[in-house]
Amino acid sequence: MAHRDEGLKRTIGVLGLSANIINIIVGAGIFALPAIIASKMGASSIIAYIFCGILIALVMLCFAEAGSKVNNTGGPYTYIETAFGDYAGFMGGVFVIVSALFADAAVSNALINMLATIYPVFEHGWLRLAFLVIILGGLALLNVIGLKQGIGLVKLNTIAKLIPLLILITLGWKGVSMEHLHIQSAPSLKTLGETSLILFFAFQGAETGLIVGGEIINPKRNVPRAILISILTVLIIYMLIQGVSQGVLGDDLPNFTAAPLAETARKVFGPMGFKLLFLGALISMFGYLSGSILNNPRVVYALSRDRVIPLKKLSKIHPSFATPYVSIMVYAALCFIIAATGSFTQLAVIASGSMLIIYGLVSLSVIRLRYKLKPNPSEFKIPGGLLIPILSIGIILYFLSNLSRNEMIGTAIFIGVLSIIFAGIKWLKNR
């Protein structure tokens, strides 16, 4: 059973939590997403956004109920551990960390690669390593100093990354041709499913934003509100961005897979628009990393706190700053190693399916927690009985069924290895 947090301060309100979630969801992907979606569905892409928004809303409702019942630091790991015990908690926590580390390493490299397109000096190996040290080390230090500073940077990054997107949305419509938005025919269910699979990954992030559960003010009220605000905000922004990009570039949109939004801005505003969206992409990537370094080390902290992993130092709280400083530094160091070596390519397949597994386990946790924990009138409860958790599980199974055979085999092997490691840890504890 998850233990109560000791030493952490509840300082995050609904706006801070909403900004944290939006900052994680609106990552680097949105700056390339419109071209990818348009290549599959053209003007009818908007249907996929609505469809995927409904699907992710169902899953996030499960997160909202679980988060209102279990509000210790650790997010999805804590929900799973409380519902199903140490083994499920260990598996869930490791999947969360593995997926996050590889994603962070990829974004770190993407940030450097993008800078290298303008400043080729960043292609040199030693400068890449120095840049990684400065970025990851600086973010780790900031979050060690205090949660207030860390969440403050997240709020700033959220506003900074949204400004160029909102400028494009509000002023870009002057270059939109309504002919480009005319839907010729409805997409097939197969096409809709394949496109929604891509969009599903683009909407991920709310679960990471909830990891700071032990530091949220009145989580029973603020967690559901923050999820609703963030998901609706992201859905509206995504749909408007797709509409502007499609309306401005039309059938040419799929040709600009590297930077479709920057190209849209170039056509509407000229070279200055391209620079604005290019800068926005850099800010978005940096914002993603700042939010990740804020949130994900707290899963490491929670695993140690609950003695799921036998490393007590990882759950130490700084006496002055009241932050899990050891976990933050260890997480940033691991991220640097993976990003610097680039050896995570083969494991990216496992990481891509890990979050789907987490979503499925959290949806199952909602059902289990309803029977395991004593109900509290102040807690958020999904209306409709078990309908939404069951629908969410069905959706997760549908998405997992779209994985390739090699991806399924790789994930099964990874689960087997983790099971052996867990058994070894359990044996050592008993001795």
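User: Let's start with Lys426: is Lys426 buried, partly exposed or exposed?
Analyst: First, keep in mind that this is a predicted model. Lys426 has a relative accessibility of 38%. Buried needs a value under 20% and exposed one over 50%, so Lys426 counts as partly exposed.

User: Which residue does Lys426 meet in a salt bridge?
Analyst: Side chains of opposite charge can pair when their charged atoms come close. For Lys426, the N to O distance in the salt bridge is 3.6 Å, and the cut-off is 4 Å. The partner side chain belongs to Asp86.

User: How far apart in sequence are the parts that Asp86 and Lys426 tie together?
Analyst: Asp86 and Lys426 meet in a salt bridge. Asp86 sits in helix 5 (residues 86-118), while Lys426 sits in helix 17 (residues 405-430), so this pair links parts whose separation in sequence is 340 residues.

User: And what about Asp86, is Asp86 buried or partly exposed?
Analyst: The relative accessibility of Asp86 is 26%. Buried would need a value under 20%, so Asp86 counts as partly exposed.

User: Which residue pairs with Glu65 in a salt bridge?
Analyst: The count of salt bridges here comes to 3. In the one with Glu65, the closest N and O atoms are 2.7 Å apart, and the rule asks for a distance within 4 Å. The partner of Glu65 is Arg370.

User: Are Glu65 and Arg370 buried or exposed?
Analyst: Glu65 has a relative accessible area of 1%, and Arg370 has one of 17%. The cut-off for buried is under 20%, so Glu65 is buried and Arg370 is likewise buried.

User: Glu263 and Arg266 form a salt bridge too, so what separates them along helix 11?
Analyst: In this pair, the closest N and O atoms are 3.5 Å apart. Glu263 and Arg266 are 3 residues apart in helix 11 (residues 260-269), which means that the separation is about one helical turn.

User: Which helix gives the most to the lining of the second largest pocket?
Analyst: This pocket holds about 310 Å³ of space. Helix 5, helix 13, helix 14 (325-341) and helix 17 each supply at least two residues of its lining. With 4 residues, the top contributor is helix 5.

User: Last one: which residues is Ser230 in contact with, leaving aside neighbours within four places in sequence?
Analyst: You'll find Ser230 in helix 10 (residues 219-249). Ser230 is buried, with a relative accessible area of 0%. Its contacts are Ser18, Ile21 and Ile22.

Methods:
Residues numbered from 1 in each chain as written. Predicted model: local features only at pLDDT ≥ 70, side-chain atom pairs only at ≥ 80, totals over all residues. Heavy atoms only, no water. Buried < 20%, exposed > 50% of the residue type's maximum accessible area, 1.4 Å probe, protein only. Contact = heavy atoms within 4.5 Å. 1 Å grid on protein atoms, 1.4 Å probe; cavity = no way out; pocket = protein on both sides within 12 Å on 5 of 7 lines; lining within 4 Å. Points joined across faces, edges and corners; volume = space filled by probe spheres on them.
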